[in-house]
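The exercises below go with a predicted model. Work each one from the coordinates before reading its solution.

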Amino acid sequence: MESSTVLAQIFEPALADLPPTLAGLAARGVVRSYRRGTVLIEEGTQGDSLYLVLSGRLRAYGCDARGREITYSVYGVGDYVGEMSLDGGPRAASVITEETSRCVLLTRESILAHIAAHPEFALELLSKVIRLARAATLSAKQMALHDVYGRLKALLESGPQERLTHQAMAQRLGCSREMVSKLMKDLELGGYVVRSSAGRYELRKALPARW
């Protein structure tokens with residue numbers, strides 16, 4: 001398997017930037033390129049494949065009957081998505097490319113073969129599923145116990161953010177873009193946040209507990 005990994009890295013240099021365990025896994029799949037806005041996974045469909053990100057960014061989201069979206073997570077280089085359906089159940093979320101992306105498409109059979117060769121990867125896979133479950137629990141708790149400002153406060157205080165539009169923030173918070181725009185305008189006027197030259201929001205002082 002090591003020789004096939006080296007061979008794959010010759011034809012796909014991005015594999016060399018992955019940790020050894022992921023590079024070995026990636027060598028078992030097929031590299032594909034996707035345009036921005038390509039839906040890779042549709043919620044509710046059956047699937048047994050996993051996507052490993054080599055470049056670009058993916059977003060997992062859910063959608064209600066009225067077309068409103070909520071973002072569950074964003075994935076970058078070295079992340080993989082789709083593992084929740086490896087039990088044969090329906091997809092729990094949709095996944096779309098946020099920008100032009102290159103991914104390794106892996107089948108359930110190739111993943112099982114990798115686990116057989118590298119049993120420690122099973123623990124890594126299990127750890128990720130546990131992290132997702134914890135994140136889902138926290139998200140449900142925030143939705144139930146906090147208002148929109150409380151959820152926005154938690155997002156801003158969670159650390160450095162990638163460049164987010166008000167629409168993207170609304171999708172993460174489960175509210176309207178107009179609500180986010182109003183709150184962010186108020187926070188900027190109050191001197192609590194500022195948008196950097198890179199387009200990211202930065203905290204200037206502690207946010208108030210309530211708004």
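**Exercise 1.** Find which residues S101 touches, not counting residues up to four places away in sequence, and describe the setting of S101.

Solution. 
- Step 1. Leaving out residues up to four places away in sequence, S101 touches R32, S33, Y34, S55, G56, R57 and L58.
- Step 2. S101 has its place in strand β8.
- Step 3. The relative accessible area of S101 is 0%. The cut-off for buried is under 20%, so S101 counts as buried.
- Step 4. A polar atom of the S101 side chain lies 2.7 Å from the backbone oxygen of E99.

**Exercise 2.** Work out the strand order of the open sheet of 4 strands, and say which strands are at the edge.

Solution. 
- Step 1. Begin with β1 and β8 (residues 101-107), which pair in the antiparallel sense over 5 bridges. V31 stands opposite V104 in β8.
- Step 2. β8 also pairs with β3, again antiparallel, over 6 bridges. Here S49 is opposite T107 of β8.
- Step 3. β3 is joined to β6 by 2 bridges, and these two strands run antiparallel. L52 stands opposite Y80 in β6.
- Step 4. The edge strands, each pairing on one side only, are β1 (30-34) and β6 (80-81).

**Exercise 3.** Describe the largest nonpolar core: which residues touch the most other members, and which elements give two or more residues?

Solution. 
- Step 1. The core has 18 residues, and those touching the most other members are L152, L156, M169, M184, L187, V193 and L207.
- Step 2. Two or more residues each come from α5 (148-157), α6 (166-173) and α7 (177-189). α5 gives the most, with 5 residues.
- Step 3. Take L187 as an example: leaving aside neighbours within four places in sequence, L187 is in contact with Y149, L152, L156, Y192, V193, L207 and W211.
- Step 4. Another core, of 15 residues, lies apart from this one and includes L18, A23, L54 and F121.
- Step 5. As a general point, nonpolar side chains tend to be buried together in soluble globular proteins.

Definitions and conventions: Residues are numbered from 1 along each chain as its sequence is written. This is a predicted model: local features need pLDDT of at least 70, side-chain atom pairs count only at pLDDT 80 or more; totals for chains, interfaces and linings use all residues. Side-chain values use heavy atoms; hydrogens and water are left out. A nonpolar core is a set of buried Ala, Val, Leu, Ile, Met, Phe, Trp, Tyr and Cys residues joined through side-chain atoms within 4.5 Å. Buried means under 20% relative accessible area, exposed over 50%, partly exposed in between (1.4 Å probe, protein chains only). Contact means heavy atoms within 4.5 Å. Two strands pair if DSSP finds at least two bridges between them. A polar contact is a pair of N or O atoms within 3.5 Å; within protein, one must be able to donate a hydrogen and the other to accept it, and residues adjacent in sequence count only if both atoms are side-chain atoms.
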